[in-house]
Amino acid sequence: MTPESAASARRSGGVSYWWSELGIPEPQDPLTGDAEADVVIVGAGYTGLWTAYYLAEIRPDLDVRVVEQRFAGYGASGRNGGWLSASVTGGLDGYARTHPRADVARFQLAMIDAVDEVIRVAERHAIDAEVRRGGTLLVARNAAQAGRARQAAVSAERWPETGARLLSAAEADARIRVAGTRAALWEPHCARINPARLAQGLTRVVRERGVRIHEATTVRSIAPGRVETDRGTVRARHVIRATEGFTAGLAGERRTWVPMNSSMIVTEPLPEATWAGIGWEHHDTLEDLAHVYSYAQRTPDGRIAIGGRGNPYRFGSRTDLDGDIPDRTVQHLRAVLCAWFPQLREVELAHAWSGVLGVPRNWRATVAYDAASGQGWAGGYVGTGVTATNLAGRTLADLVAGERTDRTTLPWVDQRARAWEPEPLRWLGIHGLYRAYGLADRLEARGGRRTSRIATLANRVSGR
C-alpha cells in the first residue's frame with residue numbers, strides 16, 4: 001500500500017481512536033451562571049476525576065464540582081497509549097539525590113499500589129477498561145541501547161521494589177518478537193488498558209457519587225476562592241487545577257508547564273497468522289530504548305496501537321484541540337512500526353491522532369496544595385499519567401480534607417520547578433533537545449560510539 005492510499009484509508013484526528021470506537025459523548029450539565037461549592041476542580045481528565053472520586057469517598061458532605069471545556073476525558077486521558085504503569089517520572093536515582101532512599105522507595109511502592117488501585121476501582125464499579133496485566137518490555141535494538149538496558153538493570157538492583165530484570169534476546173523474543181532485539185528490560189508492574197473506557201466509566205461513577213461535572217464550560221482564569229469561566233464564576237473554598245497539557249492556556253500559566261505533543265496510530269486488526277509470527281501473548285506494553293522512544297500495545301481486538309513524539313512542541317505553547325496529526329508524523333510512526341515488525345509493511349492504518357501532555361521545567365510530576373489560599377494542583381506527568389493521576393487524586397483528596405497520610409509526604413508533594421524560558425528560547429530549547437536526541441539515535445543505529453555525550457548534553461539542557 002502506498003503512503004497516499006494509506007492516508008486516504010485511515011481516519012485522522014477526531015480526538016482519538018479510543019473515543020471514535022466508543023462514540024464522542026455529548027457534553028452534559030454546562031454551567032448556567034454563577035455558582036458556589038466547597039471544592040471546584042478545573043479539568044475532567046483523570047486527575048480531576050480521581051480527585052473528585054476520592055473526595056466523594058472520604059468527605060461525602062462536600063459539594064464538589066468539576067469544570068471541563070469539552071467533555072470528561074477529552075484531553076490526554078482519552079488519547080494516550082493505555083499504559084497503566086508504575087514508572088516514576090524523573091527516575092528513582094534522580095529523587096534519591098534530593099530525598100532519603102526510604103522515601104523514594106515509598107514513592108515507588110505507592111505507584112505500584114496505584115496500578116492495583118485503578119484495577120480495583122474498575123472491578124468494583126464494573127468499568128470495562130479492557131485491563132490486562134502483562135508488564136512492560138523495553139527492547140534494545142542496537143549496541144548503545146543494549147548498554148542502556150544493562151545500566152537500567154544495574155539501577156534495578158539498587159531498587160528491587162521495581163521488580164525489573166534484564167532479558168536476553170531469546171527471552172525477549174519469547175514475549176514479543178521485535179526485529180533486531182539484542183536485549184531487553186522487563187518490568188512487571190504495568191497493565192494495558194483502553195484509556196477512553198476508563199475515563200468514561202470513571203465519569204459515570206463520579207456523577208453517581210453526587211459530583212456535578214460541568215462540561216462545555218471553558219475556564220479563563222483561576223484565583224484563590226474563584227474560577228472564572230465563559231458561563232459564569234464558581235466560588236469555592238478549595239480550587240484545584242487539573243489541566244495538565246492545557247495549563248498554558250490559563251491566564252498567568254503560559255510558562256508553568258509546556259504542552260508537549262504526542263501522536264499515535266493504530267492498525268487494522270492483524271490476521272492470526274501474523275500474530276503467530278509476532279507473539280505478544282502476554283499483554284506486555286512495548287517500548288524501545290531509543291532516546292526519542294516509541295511505545296505500543298496490542299489491543300483486545302488484535303490491532304497494534306503505537307505512539308511517539310512527532311512535532312513535539314508548537315511555538316507559544318499552542319495546543320491542537322481535536323487530535324489533528326501531520327502526515328509526516330504518521331509516516332514516521334509507521335516506519336517505526338515496520339522496523340519493529342517488518343512483516344507489517346503492507347498493513348493498513350485505521351486511525352491517527354495526537355494530544356498534549358504537560359511538561360514542567362524539571363521534567364517531574366508534582367502534587368501541591370496551599371491550605372492558606374485553598375489552591376491545589378497536580379500534573380506534569382510527562383507521559384506517565386495514567387497511573388500517576390490516581391495517586392495524585394488520592395493525595396489531593398487527602399490534602400483538601402486536611403488529612404496527613406503516607407501519601408501526603410511522598411517526594412513529589414509540594415516540589416517546585418522553575419518557569420520555562422520565554423519565547424523564542426522555549427521553542428529553540430525544546431526542538432534543539434529533540435534534534436539532539438534524534439541525532440544520537442541515528443548515530444547509534446549506525447554503530448556510533450560517541451552518542452552518550454550528545455544525550456548527556458541534551459539531558460542537562462532539559463534538566464532531566
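A pocket here is an open set of points on a 1 Å grid over the protein atoms alone, where a 1.4 Å probe fits and protein lies on both sides within 12 Å along at least five of seven lines; its lining residues have an atom within 4 Å of a point. This is a predicted model, so local features need pLDDT of at least 70 and side-chain atom pairs count only at pLDDT 80 or more, while totals for chains, interfaces and linings use all residues. Residues are numbered from 1 along each chain as its sequence is written, and side-chain values use heavy atoms, leaving out hydrogens and water.

**Second largest pocket**
- Its lining has 27 residues, with Val292, His332, Gly438, Asp441 and Arg442 nearest the centre.
- Helices H10 (327–340) and H12 (425–445) each supply at least two lining residues; helices are DSSP runs (H or I, at least four residues), numbered from the N terminus.

**H3 against H11**
- The axes of H3 (residues 46–58) and H11 (residues 385–401) come within 7 Å and cross at roughly 40°; axes are lines fitted to C-alpha atoms over the stretch in contact, with angles from 0 to 180 degrees between N-to-C directions.

**H3 against H8**
- The axes of H3 and H8 (residues 195–208) come within 10 Å and cross at roughly 35°.
- On the H3 side, Tyr46, Leu49, Trp50, Ala52 and Tyr53 make the contact, and their H8 partners include Pro195, Leu198 and Val206.

Notes
Contact = heavy atoms within 4.5 Å.
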